[in-house]
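Have the structure open while you read.

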There are 2 protein chains.
Amino acid sequence: MKISVHAASIDIFTHALSNLSAILEKGLAHATARKFDPSVLVSARLAPDMFPLSRQVQIACDLAKNSAARLAGVEPPRFEDNEKTLEELRARIAKTIDYLRSLPAAAFEGCEERDIKVPAGERTLEFKGLSFLQRWALPNVFFHITTAYNILRHNGVEIGKRDYLGSL
Amino acid sequence: MKISVHAASIDIFTHALSNLSAILEKGLAHATARKFDPSVLVSARLAPDMFPLSRQVQIACDLAKNSAARLAGVEPPRFEDNEKTLEELRARIAKTIDYLRSLPAAAFEGCEERDIKVPAGERTLEFKGLSFLQRWALPNVFFHITTAYNILRHNGVEIGKRDYLGSL
């Protein structure tokens, strides 16, 4: 027995994004307790030329959504990037998780061999499904979720690895 | 056809750790060009109560090594945590990748159903192999690699997502 690509993508993304949503909730609670405007966290960055928290969350959602759709061989819906608050970012995550759960496991059958193209600026990256999962989808989704976590942690929000890992 | 746990762990870990090694090399080049002591980067943190770069790299290596060994059903070697320089951290990564590559793919057969126990402070976490991979091994390894990246990025090292993703 081996594992399905569905188990190695959808199950992982939905769990990790749920944890991210709980982490954003802790960010909101922290701002409320310290009586500062939570939008400070929404626009916080780790470096001047890195994306702020809002964009990290949007990209994490889009990478999960678009990667899952490509693996399932369907066209992903487009979500507007118009979130301005932590609550709106949590709603974006919830919408993304709903979409991920809507993809039938059967659509992922054989996708490890599927040709997948990803537009990346002037280049078009080409993968087989398996290497797309290994080299693009998983590393990218975890990158942006971890960076969102690190932005909040750097700004004093009381979160730990347990929040990132979620229920085990 | 489905994918093997070997493909969903060893292949991913070795690639991600190789990229981390190249990122550390850029950190060293940056410190050299700016004429500051590279050990400043080794002990840099994103928050006072977060681990510094050195520990992030050591933990990333150990999580990859120990997770792979648990999935393969063997006892992992113990590596001392005595690295003090970026070069030594890169050697730790190289040693870890050598170990990961030494595990025969056949040892991972059927491991998705294997019972895996992880000591975590006073608790012992219990997983089946598949959920261990989904909820522990992959999120944890990517967390520490991304955090190492973020520490360097936060400190002005000129790295980008391309360095993190490596060759595609």
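The points below go through the model one topic at a time.

1. Ground rules. This is a predicted model, in which local features need pLDDT of at least 70 and side-chain atom pairs count only at pLDDT 80 or more, while totals for chains, interfaces and linings use all residues; side-chain values use heavy atoms, with hydrogens and water left out. Residues are numbered from 1 along each chain as its sequence is written, and chains are lettered from A and ligands numbered from 1 in the order in which they are written.

2. How the copies relate. The same surface serves both copies, as 100% of the contact residues of chain A recur in chain B (contact means heavy atoms within 4.5 Å).

3. A:Tyr149 sits in helix H5 (residues 129-154) of chain A and B:Phe143 in helix H5 (residues 129-154) of chain B, so the pair joins two chains (helices are DSSP runs of H or I with at least four residues, strands are E runs of at least two, both numbered from the N terminus).

4. The rings of A:Tyr164 and B:Phe143 have centres 4.7 Å apart and planes at 55 degrees, so they count as tilted. This pair also crosses between chains, with A:Tyr164 in helix H6 (residues 161-165) of chain A. A:Tyr164 and B:Phe143 are both buried, and A:Tyr149 is buried as well (buried is under 20% relative accessible area, exposed over 50%, partly exposed in between, with a 1.4 Å probe and protein chains only).

5. Rings within chain A. A:Phe127, A:Phe132 and A:Trp136 are linked by ring pairs into a cluster. A:Phe79 has A:Lys65 over its face, 5.0 Å from the ring centre, and the charged end of A:Lys95 over its ring, 4.3 Å from the centre (the rule: NZ of Lys or CZ of Arg within 6 Å of the ring centre and within 35 degrees of the ring normal).

6. A buried serine. A:Ser9 is in the segment before helix H1 (10-34) of chain A. At 0% relative accessibility, A:Ser9 counts as buried. Apart from neighbours within four places in sequence, A:Ser9 is in contact with A:Leu71, A:Phe108 and A:Leu133.

7. Most residues other than glycine have a negative phi. A:Lys35, though, has a positive phi near 55 degrees, and B:Lys35 has a positive phi of about 55 degrees. A:Lys35 is in the loop between H1 and helix H2 (39-42) of chain A, and at 75% relative accessibility it counts as exposed. B:Lys35 lies in the loop between helix H1 (10-34) and helix H2 (39-42) of chain B, and it counts as exposed at 75% relative accessibility.

Definitions and conventions
Rings of Phe, Tyr and Trp (its six-membered ring) pair if their centres lie within 6.5 Å; planes under 30 degrees apart count as stacked, over 60 as edge-to-face and the rest as tilted.
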